[in-house]
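Subject: Structure handover

Hi there,

Here is the structure I promised to pass on to you. Please have it open while you read, as my notes follow below.

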Amino acid sequence: MATKEAKVGDKRKATSAAKGKPDGKSKKARLQDSKPPKKAVKDAADGSEDLSDSDSDSDGGVKLDSKPEGKSSKKTDGAGGLDRTGLTSRESHAKQKQLAQERKAAKPLADEVHRTKKIWERLRKKSHVPKDERQLLVKELFEIITGRCKDFVLKHDAVRAVQTAIKYSTPDQRRQIARELEGSYAQLAESRYAKFLIGKLLVHSDNEIRDLIIPNFYGKVRKLINHAEASWILDDIYRTVATKEQKALLLREWYGPEFSLRELTKDTKPTADLQQILEKEPSKRGPIMRSLLDMINSLVQKKMTGFTMLHDAMLQYFTNTQPGTEEFTEFAELVKGDEGGDLLKNMAFTKSGARLTCLLLAHGSSKDRKQLMKMYKDTVVLMAGDVYAHVVILTAYDVIDDTKLVAKAVFPELLGDKEEEVVQNVVGAVNNPNARTTILYLFEGLSSSLFPASHAFDLETLKEVQEIRKTTSKKDNDVRRKELIAAMAPQLLSTVAAAPGDLMSTAFGCQFIADVLLAEIPDKTKALEAVAQSAAGNPQEEQGESDAPATPHISQTPFGGRMLKSLIQGGRYDKAAGKVVQVQPPLQFSNVLYPVIKDYVMDWATGPSSFVVVALMEASDFEETDALKKTLKKNKKLLEKAATEMTAEQKAAKEAREEKQAAEKGDKKRKGKAEAPVGNVGSKLLLEKL
């Protein structure tokens with residue numbers, strides 16, 4: 001109200017000034033203002049402070065800059081620089097500082113906390129403290145905190161000292177601290193600062209400490225997972241250090257309050273598999289599913305969607321619903337309803353979350369799939385290189401019928417737009433064990449060379465998705481795959497033509513070149529010529545630019561020889577047909593390669609990649625077979641020597657085998673096992689063909 005009156009007064013002043021009045025007030029008003037207020041007169045009569053010189057325009061109210069009673073004012077009287085207590089500003093500050101120190105000194109463990117802070121300040125820079133001094137300081141620190149850890153860890157400034165003690169502690173000292181804090185870990189997890197101490201104790205992978213800390217969270221998961229501070233440390237423990245049994249006990253609490261009670265006997269192992277729990281007690285399905293959905297929805301609404309425990313719980317819920325039911329639809333809408341897309345992005349990078357995303361894509365309609373893929377804009381490159389998230393991209397290849405949508409949503413992000421960017425991205429992706437699948441999957445499918453035993457999760461998920469796809473997708477899989485390859489082909493061929501040396505220097509790169517060039521893609525001429533030129537030069541000399549490390553010639557690498565042999569054969573071996581099935585149109589790579597290696601063909605014929613020359617002799621479309629035979633016959637002695645002498649690789653293998661036999665059987669040869677053939681096998685085959 002005072003502010004409004006001041007504004008009105010200012011407005012009146014401005015109006016009066018415009019009319020020529022000196023202060024905007026009438027003569028009567030100025031006379032009234034010159035008189036002191038009645039309250040001030042009364043206070044003066046009572047002997048209180050004289051306020052007649054106040055510039056306040058309120059009727060006896062407190063001035064805006066006045067201080068409440070009991071607090072000293074810093075305002076000076078303008079004459080001697082003194083405040084109302086008669087002290088200067090410097091003296092007043094000194095007195096306030098002294099009072100603060102006295103209050104701190106009056107607190108429990110004040111001296112001990114002060115000393116630990118001094119020790120922490122000294123120890124926090126390890127390189128600045130000599131070893132002997134550090135040992136003495138750590139010893140003193142443990143003497144102070146031993147038996148008082150619970151008092152220290154709940155003080156934001158003292159908990160750092162305990163963390164420092166853990167940093168320099170021995171295993172026994174860490175266990176001692178952990179035992180002292182037993183029973184208070186749930187409280188520490190809720191502390192903004194003390195929660196890091198739990199991580200300090202667990203980071204050393206001590207099973208005794210782990211089994212001491214984690215049971216403190218049993219029965220409190222439903223509360224802690226919704227706590228702003230405790231949720232992160234709880235999920236870190238669940239994700240990184242908890243055993244399978246401990247994970248099950250923690251996750252079970254999402255199913256309802258009754259699961260917070262440990263009713264397990266010593267003979268039964270706890271399980272968090274919701275399907276098993278519901279099969280055992282089907283009558284509890286309704287309460288369990290409602291409790292689980294409420295917990296999930298609570299975290300999603302709070303935007304706390306990065307927890308592995310949340311994704312595990314979501315997968316348990318989804319896999320126990322039936323497509324087409326209200327539960328199924330409600331859950332799918334919950335996931336799609338996250339406007340920012342943080343939920344889906346976080347899900348893609350965990351094992352359960354990635355599988356759940358793949359199942360949602362497989363079960364969804366074309367509209368649902370489009371909406372889900374839209375959430376991953378600007379995240380494709382990160383997903384491609386992740387151990388779990390790349391499977392989401394492979395699932396999109398498998399289930400989305402609109403291949404133009406996939407090509408538009410994935411390929412520009414994965415491969416890039418500009419030529420230099422494309423080459424760099426493709427070479428990097430091809431040599432990444434996870435990202436390479438996002439390119440080669442369209443060419444190789446579920447082959448063991450692309451998905452070894454370490455990629456078991458990929459195989460299981462993709463097989464499950466392909467089974468669901470039979471009822472939810474309309475387009476033929478071969479047609480879908482060919483359309484995606486055609487959309488990706490120009491960037492892949494340009495990469496092979498621009499950087500064949502970089503690709504051929506690794507086994508993954510050679511596999512990529514073979515897959516691309518053996519696919520049904522038109523206009524491969526430039527790429528084939530670039531690959532052939534990379535095989536030029538003396539096989540006995542290393543290659544490389546002056547400012548780059550030297551690399552062995554392509555003929556000296558086993559993967560390089562296999563790639564060139566496959567390209568010469570012009571197709572892949574079909575077990576059912578018992579022969580190599582030629583790609584259309586034919587590559588005729590033999591006629592491109594031979595002019596490049598012609599001058600050193602005998603080095604190829606007697607070297608590690610002798611099967612490249614064998615493939616040239618067997619190629620039906622090779623136009624210079626007679627010239628090659630003539631050269632080989634002319635150098636028959638070199639072939640005979642190579643066929644009978646032991647190669648460097650064979651010598652190394654023999655030495656390793658003999659060492660192993662000596663270690664196992666004391667210099668006795670293993671009976672019943674034939675010795676490996678001696679000499680270059682490819683050279684022997686060439687002699688037979690001559």
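Let me start with α37 and α41, which count as roughly parallel to each other, because angles under 35 degrees fall in that class. Please keep in mind throughout that this is a predicted model. The angle between helix α37 (residues 610-618) and helix α41 (residues 681-689) is about 25°, and their axes lie 8 Å apart. The crossing of this pair, α37 and α41, is left-handed. On the α37 side, the contact is made by Ser 610, Phe 611, Val 613, Val 614, Met 617 and Glu 618. Helix α41 brings Val 681, Gly 682, Ser 683, Leu 685, Leu 686 and Lys 689 to the contact. Sorted by class, the residues of the contact of α37 with α41 are 7 nonpolar, 3 polar and 2 charged.

The buried ones are Ser 610, Val 612, Val 613, Val 614, Ala 615, Leu 616 and Met 617. What lies over them? The cover of the buried residues of α37 includes α34, α35 (589-597), α36 (601-605), α38 (625-634) and α41.

Helix α17 (residues 285-301) and helix α18 (residues 308-318) have axes that come within 10 Å and cross at roughly 140°. That angle makes α17 oblique to α18, because only angles over 145 degrees count as roughly antiparallel. Helix α17 passes α18 in a left-handed crossing. From α17, the residues in the contact are Met 289, Leu 292, Leu 293, Ile 296 and Leu 299. From α18, they are Leu 310, Ala 313, Met 314 and Tyr 317. The contact of α17 with α18 has 9 nonpolar residues, no polar ones and no charged ones. As a reminder for reading such lists, an α-helix has 3.6 residues a turn, so residues three or four places apart point the same way.

The loop between α17 and α18 holds Lys 303. Lys 303 has a positive phi of about 65° although it is not a glycine. Is this residue, Lys 303, buried or exposed? Its relative accessibility is 54%, so Lys 303 counts as exposed.

Another loop to check is the one between β2 (579-582) and α35, where Pro 585 is found. A cis peptide bond, with omega about -5°, joins Gln 584 and Pro 585. Gln 588 is also placed in the loop between β2 and α35. Gln 588 is not a glycine, yet it has a positive phi of about 55°. With a relative accessibility of 41%, Gln 588 counts as partly exposed. For context, most residues other than glycine have a negative phi, and most peptide bonds are trans.

Thr 557 lies in the loop between α33 (525-534) and α34 (558-569). Its relative accessibility is 10%, so Thr 557 counts as buried. The side chain of Thr 557 reaches the backbone oxygen of Ile 554 at 2.9 Å. Not counting residues up to four places away in sequence, Thr 557 touches Pro 552 and Ser 609.

The other is Arg 436, in the loop between α27 (419-430) and α28 (437-444). Arg 436 has a relative accessibility of 3% and therefore counts as buried. Which residues does Arg 436 contact, leaving aside its neighbours within four places in sequence? Arg 436 is in contact with Ala 429, Val 430, Ser 449, Leu 450, Phe 508 and Gln 511. Arg 436 and Phe 508 are 72 residues apart along the chain, and their C-alpha atoms are separated by 8.2 Å.

Finally, a few totals for the protein chain. The chain has 41 helices and 2 strands. Of its 690 residues, 41% are buried. Among contacts between residues at least 6 apart in sequence, 66% join residues at least 24 apart.

Methods. Residues are numbered from 1 along each chain as its sequence is written. This is a predicted model: local features need pLDDT of at least 70, side-chain atom pairs count only at pLDDT 80 or more; totals for chains, interfaces and linings use all residues. Side-chain values use heavy atoms; hydrogens and water are left out. Helices (H or I, at least four residues) and strands (E, at least two) are DSSP runs, numbered from the N terminus. Buried means under 20% relative accessible area, exposed over 50%, partly exposed in between (1.4 Å probe, protein chains only). A polar contact is a pair of N or O atoms within 3.5 Å; within protein, one must be able to donate a hydrogen and the other to accept it, and residues adjacent in sequence count only if both atoms are side-chain atoms. Contact means heavy atoms within 4.5 Å. Axes are lines fitted to C-alpha atoms, for helices over the stretch in contact, and angles run from 0 to 180 degrees between N-to-C directions. Angles under 35 degrees count as roughly parallel, over 145 as roughly antiparallel, 65 to 115 as roughly perpendicular and the rest as oblique. A crossing is left-handed if the near helix is turned anticlockwise from the far one by less than a right angle, and right-handed if clockwise. Ala, Val, Leu, Ile, Met, Phe, Trp, Tyr, Cys and Pro count as nonpolar, Asp, Glu, Lys and Arg as charged, and the others, Gly among them, as polar.
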